[in-house]
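Dear colleague,

I am passing on a structure for you to look at, and below it you will find a short account of what was found. Please keep the two side by side as you read.

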Amino acid sequence: MKTIISRNQTADVLKGLAVIFMIQVHVMEQFASVAANETIIGHIFYFLGGPFCAPVFVAVMGYFLAASDKSFMFLLKRGVALFLLGILLNIVRSIHLLITIFQGKYDLDPLHFIFGADILTLAGLSIVLIALLQLISKKNLLLYLSLMVLFAVVGSFVHTGVNDHRFYLAFITGNSSYSYFPLFPWFSYVLSGYIFKLIYDQYKNYIHKFTYIHRIFLGLLSLILLVFTPYAFKISADLPAYYHHGFAFFLWVIGFMMLYVVIIHYITKWVKITLVIDYLSWTGQNVTVIYIIQWIIIGNIATAIYRTQNLIQSVLWFVGITLVSCLLAVVYMKIKAYYQSRSEDLL
């Protein structure tokens, strides 16, 4: 029986949409002028780059961590490697800026850009934490539920809004301007995906029946989300508030993701062979590569044109960078496949 999320089109489309929305919100953050950001369209772009992006991406990761049978050491090495990759990406995407800082053109602390807490560092630390938790229990629903609520609730209290120059805290509490995805509250979304997998395994037959109770629940959920969407819209357009949000926004996003996953699942189930679905599936399968490439491009261009582009120019940048990132991802995969085949031939 096909699950709602597996190595299937649903998961791939969710990740594919997430990375596309990430590219457009990065362009808005780095390229778009203040005037463009303050337009209603600019706010819509930020909304699409909020609940549709990072929460979905790390929740899907949490789901697959729950489904994984990998050993503690494998997950530990994977997590550390991903964290270090995040630090390396910080450096590579900031090369242009770091050069200008060292040349004295900008009075900025380079360490703030090297040790920024971004999505890859969050993913790496989350995998390490999941590996440690699995030593206690892999399927204790109460344990993971308690921790999810803890990280979501505490996240709104540990962030004081005051910069803390202890760089390691940027990855944990977010008390710094260069902390975008600290563990508090973002690890709660990883746990939400993990919990969904645990619940799904226990009640999958009931979930797949999709009775009138399911329809009533989704209808009520849609109504509640709609009522509080202006609140979520406002938080998403305020970057400090979004990166360090509290429990209320977390609850809205959890409800949103439940509805969003169901919608995407049925779209991919009934819409079979289309170029759009195939493209989004492909981007989802190669999300890490595309994410790295787009940040390297955007990060280095941003030093030259930071917040100078109008709305139309920003949209054109988004389309161009998305296409270039995908093309470079294809090139990378072909090169990787070539060297893999050569190494296999030598064995």
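**What was found**

Of the 347 residues in the protein, 50% are buried, where buried means under 20% relative accessible area, exposed over 50% and partly exposed in between, with a 1.4 Å probe and protein chains only. This is a predicted model, in which local features need pLDDT of at least 70 and side-chain atom pairs count only at pLDDT 80 or more, while totals for chains, interfaces and linings use all residues. Residues are numbered from 1 along each chain as its sequence is written, and side-chain values use heavy atoms, with hydrogens and water left out.

The secondary structure consists of 16 helices and 0 strands, taken as DSSP runs (helices H or I, at least four residues; strands E, at least two) numbered from the N terminus.

Serine 179 counts as buried because its relative accessibility is 1%. Beyond its neighbours within four places in sequence, serine 179 is in contact (heavy atoms within 4.5 Å) with Ala117, Ala170, Gly174, Tyr243 and His244. A polar atom of the serine 179 side chain lies 2.5 Å from the backbone oxygen of alanine 170.

Leucine 223, by contrast, belongs to helix α11 (residues 212–237), and it counts as exposed because its relative accessibility is 52%.

Finally, the C-alpha trace spans about 65 × 60 × 45 Å along its principal axes.

Notes. A polar contact is a pair of N or O atoms within 3.5 Å; within protein, one must be able to donate a hydrogen and the other to accept it, and residues adjacent in sequence count only if both atoms are side-chain atoms.
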